[in-house]
Amino acid sequence: MTEDAALLSCCGLRKTFGKDAGLVRAVDGVDLDVAAGETVAIMGPSGCGKSTLLHLLGGLDRPSGGEVRLAGSRVDQMSERALARLRQDSVGFVFQAFHLMDELTAVENVELPALLAGRPARVARQRATGLIERVGLSERAGFLPAQLSGGQRQRVAIARALAGEPLVILADEPTGNLDSAATLEVLRLFESLHTAGQTLVVVTHDSRIAATADRLISMRDGTFIDETRLTGGTRGDPGALGALADLDRRS
Amino acid sequence: MSRLRLVGRLVARDLRRRPAQAALMLLAITAATATLTLGLVLHGVTSQPYQQTRAATRGPDELAYLGSPPAVGLRSGSVGPASGTKLVKQVRSQVAALDRAPGVTAASGPFPLAGALVRANGLTAGAEAEGRDEAPASVDQPKLTAGSWVRPGGVVLERTFAAGLGVGAGDRITLNGRPFTVAGIAVTAANPPYPNLCYYSGGGCRAGPPDPGSARDIGLLWLTKPDTLALATPDNPVTTYVVDLKLKDPATADAFALPYDKNFGPPEMISWTGIAAADGLLVQDEQQVLSPGAWLAALLAIASVAVLAGGRMTERTRRVGLLKAVGASPGLVTATLMAENLVLALAAASVGLVAGWLAAPLLTSPGAALVGTPGAPSLTVPIAGLVLAVALAVALAATLVPAIRAARGSTVSALADAPRPPRRRPRLLAMSRGLPVPLLLGLRLVARRPRRAVLGAVNVAVTMAGVVAVLTFHATAGQQINGGGSGLSDPVYNRDEQVLLVLTIILLTLAALNAVVTAWTTMLDTRHLAALARALGATPRNVAAGLTAAQLLPAVPGVLLGIPLGIGLFAAADHGGLITLPPAWWLAAAVLATLAAVAGLAAVPARVGARRPTAEILQAETA
Amino acid sequence: MQQEVVLALLAKEPSHGYQLRARLRQALGPIGDQMNAGQVYVTLTRLEKAGLVASEPSAGLPDRPDRKVYELTPAGQQRVADWLAEVSWPGPAPAEFHLKLVAAAAARLADPLTIVDAQRREVLLRLRDAQRAAMAEPDGSEAGLLLEGLVLRLQADVHWLEACERHWTSRRD
């Protein structure tokens with residue numbers, strides 16, 4: 001993949017915390033290229049720096065070294081104001097803890113980014129309603145988060161991340177707080193986003209989410225140690241599935 | 001015993017972990033208790049200085065004004081007062097009656113009184129001139145504080161009057177157009193000091209000022225008898241002589257009276273207790289100003305502590321859960337939570353007590369009029385007890401309810417550390433949608449914690465009330481002074497101004513403290529919200545503006561409420577006297593200044609809060 | 001007993017029969033105890049017949065399988081190398097995969113991590129297929145239930161492969 005084709009890329013990215021004896025290299029020299037429409041999954045044990053990496057990619061944190069580029073512009077050198085605009089229309093975030101506002105209904109949560117960006121209230125509401133429908137929660141648009149299940153809450157959060165029509169969605173352990181049924185809901189949504197061409201970078205330790213990615217990157221101790229292409233394989237091969245079903249392992 | 005030690009250790013560790021908050025609470029309670037102590041101590045101050053002056057000047061127990069009957073608002077030229085030989089005959093007869101009167105042990109006088117128009121230092125003032133012998137009198141010999149006693153061409157001025165005119169011994173002044181030299185300055189116990197000379201005689205004076213004007217502004221001076229008589233003009237003759245009496249039993253001074261004489265009316269009698277009361281007017285005024293001020297300060301301190309303690313309570317919920325999970329009883333938990341605040345309150349109250357007691361003499365010095373200083377106003381046990389009790393009550397009131405609720409709540413939810421989710425307020429939410437971003441954020445922040453907003457409004461209202469009361473005082477007193485027309489500085493006004501200044505400074509400090517505390521706690525509370533807003537694309541400037549707006553929005557009704565509150569406060573303190581409302585532009589300036597101060601004080605924590613990296617905040621906490 | 005496993009165990013150095021058995025017991029733990037004692041020797045004999053191992057009686061000891069010294073022939077070495085490199089589906093049984101890694105590490109013939117990663121990729125690809133098939137089914141369908149079961153088992157495999165990766169990484173460091 002050439003440099004120009006990459007929608008989101010970073011080069012020699014580093015982030016350190018503390019100093020002297022307490023120095024922690026959270027991210028230690030990471031290179032990454034994400035093409036438009038690609039889904040990239042980053043997996044690794046806890047503490048390996050994958051969440052920090054995501055924050056750096058999305059401009060929520062400033063790197064100690066290296067550069068981050070989104071659609072050609074340097075994210076790591078942007079002013080706070082420019083970063084705010086970045087989050088308004090280029091980057092959407094999905095968090096493990098959802099971070100929905102408890103006193104706002106689902107649709108009010110989704111329209112919040114648009115209101116914060118100064119868009120007119122009616123336009124914001126219209127777009128929010130459309131997004132709620134997109135994630136399949138139209139009947140629950142007027143519900144408070146406390147009245148929604150975990151999976152539904154995360155879907156609302158994903159709808160909120162889509163509010164600004166972002167170039168890329170960054171998801172930090174989106175199914176970390178969800179049970180398997182809720183994980184399925186989010187899974188479906190990610191698949192449909194992928195099919196619609198949304199660029200996605202997901203940090204996860206859930207192999208089910210990782211399995212939806214085009215590329216899977218393993219991370220440990222702040223660096224990438226392995227990259228796997230998950231394209232190709234046995235799509236549509238009936239024999240393979242049959243072999244799966246016969247999964248009686250000889251012991 | 002071990003439990004006590006455990007509680008003590010927990011309290012000590014907590015205080016060390018958050019020294020800034022502890023210091024803020026200490027400051028707030030100290031300021032409040034100091035002001036309270038001041039107010040209470042001054043309440044009980046005695047009029048000792050008058051006693052000292054009385055002793056030093058051989059002050060009279062009774063003053064008898066012979067000659068014209070007591071004249072209320074007597075002015076020159078009106079029919080009635082005797083003068084000339086007729087007056088002399090009347091005076092002689094009344095003096096004889098006084099000498100014979102039972103209970104009189106000594107007398108000096110009669111001294112003639114004349115009205116004089118004083119011009120000095122470019123100022124003009126009315127004065128009462130008393131004619132004296134060069135030799136000292138046996139009763140009421142004014143004590144010189146500078147220069148020497150009367151001589152031909154030499155005038156002695158009463159000390160406050162001289163201070164008002166700005167003259168000292170050796171200066172040249174004119175009386176009724178004639179030049180005199182200031183021979184000396186003296187104090188006396190026989191008359192209240194300038195400007196209260198006419199207070200006790202119903203507003204009128206025995207020697208009417210040549211310049212019809214206000215009932216204040218009359219000073220006292222002494223001349224030789226010939227000089228005094230020479231001051232009299234056909235328009236303003238000498239109509240009164242004064243005799244100073246010493247009684248066998250000074251306590252009966254109020255009841256002393258001469259038997260009825262069919263030839264002349266009874267002379268006007270003034271007892272020394274009346275003069276003492278007039279003397280005390282100065283300190284009384286201060287008390288009038290201080291008492292409401294002290295309560296205002298106490299109110300503000302309570303608001304501060306409530307915000308501080310309330311803020312810390314929510315942080316402490318997890319500690320409560322932990323303690324209960326390891327087996328502490330609800331009682332022990334409550335005790336731990338409250339012990340800290342009580343310890344702080346006690347420490348602060350002690351400091352405040354001492355500070356107030358030390359500051360009291362500064363405000364009770366009697367001014368120029370009297371000799372000596374009052375003894376240190378007594379810090380009685382009841383006062384100390386009351387102040388300590390108030391401090392403890394403040395700490396208790398602010399922390400008891402949250403502490404009990406925390407202790408009795410569910411352990412699980414406390415450990416989960418979920419603060420109460422804010423109630424949904426659909427109308428405010430709907431209202432905020434169309435507003436610009438800072439107002440949108442500000443309104444939603446207010447909707448989340450309405451009680452804190454109300455507290456903020458109360459804080460601003462109380463502060464504004466104090467400021468408006470001061471402004472009303474200036475307007476009212478200024479009107480009175482200006483009505484007098486002499487341009488002299490009024491020592492009562494000066495002293496009141498001083499006290500008010502001190503009070504205003506205390507109030508403003510407390511209010512600023514309150515505002516900073518509220519803004520800081522709000523910033524901590526909303527840190528997560530602010531980080532989320534920034535993660536969703538709000539600019540840091542909008543977020544900071546929103547936090548500031550959240551403080552300003554409740555401040556507006558507070559400021560407006562404070563205006564009538566302040567005027568009412570002054571009216572109550574003035575005991576229904578005539579008040580002049582401050583001009584509108586003063587009030588407008590005060591409103592704008594207060595709002596600007598609130599915005600300014602809120603902006604600092606807002607800026608600081610908006611600058612922290614969003615990533616760590618979002619990871620650390622949940623909404 | 002899988003033949004390749006025994007071959008791989010011999011790759012490090014020639015061993016006695018009983019040493020091989022001991023090695024297996026150490027690697028397999030209680031599962032190994034359940035093995036029939038004679039299984040190893042049967043396999044060794046077969047391998048010898050196939051020309052993949054050669055044996056020599058140790059000096060002075062009777063000519064019994066457990067006392068003989070076995071070593072790999074060149075053909076045997078080739079077979080081991082092929083086996084280590086191959087990634088097939090369906091993958092090997094857990095015990096066999098485990099021994100593969102143990103042997104590879106012991107003989108330094110291959111990096112266990114490479115083997116793990118290759119296997120993980122395969123499992124993830126199958127997981128993806130099964131997941132897609134499961135989600136394509138309507139809610140509550142019986143076929144969907146079976147597919148969901150497959151997905152979960154594959155997910156469990158991934159978990160174990162991740163654990164293997166952690167283990168062999170720390171062993172390497």
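**Group meeting: one interface and one chain of a predicted model**

Let me start with the contact between two of the chains, to which chain B gives 25 residues and chain A gives 26 residues. On the side of chain B that touches chain A, the elements that give two or more residues are helices H12 (426-433), H13 (437-448), H16 (527-535) and H19 (614-620) of chain B. Of these, H16(B) supplies the largest share, namely four residues.

Is Ile270(B) buried or exposed? Ile270(B) counts as buried because 23 other C-beta atoms lie within 10 Å, where the cut-off is 20 or more. In sequence Ile270(B) is 209 residues away from Asp61(B), and yet the two are 8.7 Å apart in space, taken from C-alpha to C-alpha.

Now to chain C, whose secondary structure comes to eight helices and three strands. Read from the N terminus, the elements of chain C follow the order α-β-α-α-α-β-β-α-α-α-α. Chain C has 173 residues, of which 34% count as buried, and if we take the contacts in chain C between residues at least 6 apart in sequence, 64% of them join residues at least 24 apart.

Helix H1 of chain C, which spans residues 3-11, is mostly covered, with eight of its nine residues buried. Those buried residues in H1(C) run from Glu4(C) through Val5(C), Val6(C), Leu7(C), Ala8(C), Leu9(C) and Leu10(C) to Ala11(C).

How are the strands of chain C arranged? They form an open sheet of three strands in the order S1-S3-S2, and the pairing is antiparallel. The edges are taken by S1 (15-16) and S2 (53-57) of chain C, each of which pairs on one side only. Between S1(C) and S3 of chain C, residues 68-72, the antiparallel pairing extends over two bridges, and His16(C) stands opposite Val69(C) in S3(C). Packed on this sheet is helix H4 of chain C, residues 39-49, which touches both S2 and S3 of chain C. The direction of H4(C) makes about 110 degrees with that of S2(C).

Definitions and conventions
Residues are numbered from 1 along each chain as its sequence is written. Chains are lettered from A and ligands numbered from 1 in the order in which they are written. This is a predicted model: local features need pLDDT of at least 70, side-chain atom pairs count only at pLDDT 80 or more; totals for chains, interfaces and linings use all residues. A residue is buried if 20 or more other C-beta atoms lie within 10 Å of its own, exposed if 12 or fewer, and partly exposed in between; C-beta atoms are placed from the backbone. Two residues are in contact if their C-beta atoms, placed from the backbone, lie within 7 Å. Two strands pair if DSSP finds at least two bridges between them. Axes are lines fitted to C-alpha atoms, for helices over the stretch in contact, and angles run from 0 to 180 degrees between N-to-C directions.
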